[in-house]
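Biologist: Hi, could you walk me through this one? Please start with the terms you rely on.

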Amino acid sequence: MSVAERGSKTRLAKELGVSRASLYYRRKLPEKDELLRREIERVMVDNPGYGSPRVAIALEINKKRAARVMRKYGLKPARRAGKPCKPNDQGREPTGYPCALSDWCPAAPNVLWASDFTFISFRGEFIYLCTVLDGFTGEVLGFNISRTHDAEFVRRAIERAQKYAGTLPEWFHSDQGSEYASGAICSWLESQGVKISMNPKGAPWCNGSQESFFGRFKVEFGDFERFETRADLLEEIYKQLHYHSAIRIKTRLKMSPVQFREKWEAGRTELSTITNNFPQVMSLPPAAELHSTPPSRPSGAEKNTAATDCVITV
């Protein structure tokens with residue numbers, strides 16, 4: 001029996017309506033996807049809360065490609081748990097403080113700090129973690145851990161943030177919990193010249209940075225009960241707080257909060273140097289002169305004079 005009678009690749013290709021070369025074609029995409037899957041898994045081992053946007057930044061690849069490969073192999077970040085309610089705060093009258101974040105957002109470090117606390121269940125008891133975040137960078141400026149939650153618990157976290165940052169913010173934002181709404185906290189902050197901002201009651205999304213932080217923190221931390229002693233647990237909490245500030249990529253920043261702050265401060269220093277060395281850069285007319293009367297169209301002679309006056313000799 002001849003090859004033609006048995007069925008050759010040429011005949012098969014003709015019957016399928018494709019070229020003979022296509023019968024030998026082997027797609028390279030599955031191999032590339034497999035290699036990328038291994039790289040993604042290596043990133044997610046150290047960063048279990050990373051979704052495709054952060055994975056893409058960490059590996060310096062297109063975020064759509066990262067999303068496609070993660071979806072293909074079922075790679076998903078850990079999911080956060082729901083937030084329990086606080087019965088003691090239900091039924092309390094609103095404090096009357098405004099919510100600054102409803103009208104604007106901070107554009108520099110230490111303009112607004114946001115704070116909240118959460119509970120951690122460990123060996124049949126509750127441990128409370130309070131954090132203070134910078135509203136611009138998202139950096140953890142201060143924190144406190146205790147087995148009770150009261151005004152002093154919150155104040156200690158703020159004082160540690162003040163010591164770390166070297167200053168207090170213009171605005172301090174929180175929810176209307178009894179700890180933050182207490183006279184001890186409000187009076188102390190106002191005596192330091194700090195303006196107070198609070199969420200409207202029943203609107204936790206107004207403190208979204210803190211809500212998101214605790215959600216991701218608990219997910220990426222893992223099982224709290226895996227530690228034998230409270231000391232081991234606290235040590236790991238310290239490490240995780242450092243990781244969230246100095247290492248973990250924040251999607252909107254494309255880097256960690258500490259890296260972003262340092263980059264912002266370096267840019268500000270560079271701008272100050274330029275304005276000091278070249279004061280003519282900042283020699284603009286007063287705002288009143290800019291908006292007092294609309295400019296008129298210059299004549300030919302005026303154009304030449306204006307062009308000469310606009311030349312700056314450095």
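Modeller: Happy to! Two strands count as paired if DSSP finds at least two bridges between them. Helices (H or I, at least four residues) and strands (E, at least two) are DSSP runs, numbered from the N terminus. This is a predicted model, where local features need pLDDT of at least 70 and side-chain atom pairs count only at pLDDT 80 or more, while totals for chains, interfaces and linings use all residues. Residues are numbered from 1 along each chain as its sequence is written, and side-chain values use heavy atoms, with hydrogens and water left out.

Biologist: Thanks! What is the strand order in the open sheet?

Modeller: The five strands are ordered E3-E2-E1-E4-E5, and the pairing is mixed. Strand E3 (140-146) and strand E5 (195-198) are the edges, each pairing on one side only. From one strand to the next, the twist averages 25°; angles run from 0 to 180 degrees between N-to-C directions, with axes as lines fitted to C-alpha atoms, for helices over the stretch in contact.

Biologist: How many bridges join E1 to E2?

Modeller: Ten, between strand E1 (residues 112-122) and strand E2 (residues 125-134), which run antiparallel. Trp-113 stands opposite Asp-134 in E2, and Phe-119 has Tyr-128 as its bridge partner there. The two strands form a hairpin with two residues between them, and Arg-123 in that turn has a positive phi of about 55°.

Biologist: And on to E3, how many bridges join E2 to it?

Modeller: Six, and these strands also run antiparallel. Val-132 stands opposite Gly-142 in E3. Their hairpin has five residues between the strands, with Gly-138 at a positive phi near 80°.

Biologist: How many of the ten residues of E2 are buried?

Modeller: Eight, so E2 is mostly covered, where buried means under 20% relative accessible area, exposed over 50%, and partly exposed in between (1.4 Å probe, protein chains only).

Biologist: Which strands does helix H6 lie across?

Modeller: Helix H6 (residues 151-165) lies across E1, E2, E3 and strand E4 (171-174), running at about 150° to E3.

Biologist: Switching topic: which residues of H5 are buried?

Modeller: In helix H5 (residues 63-73), they are Ala-66, Val-69 and Met-70. They sit on the same side of H5 because they cover an arc of only 100° around the axis, the arc being that of the directions from the helix axis to the C-beta atoms. Lys-64 and Arg-71 are exposed on the other side. Helix H3 (29-46) and helix H4 (52-59) are among what covers the buried residues.

Biologist: What happens at the start of H5?

Modeller: There, a side-chain oxygen of Asn-62 reaches to within 2.7 Å of the backbone nitrogen of Lys-64. After H5 comes Gly-74, with a positive phi near 70°.

Note on methods:
Contact = heavy atoms within 4.5 Å. Polar contact = N/O pair within 3.5 Å; in protein donor to acceptor, adjacent residues only side chain to side chain.
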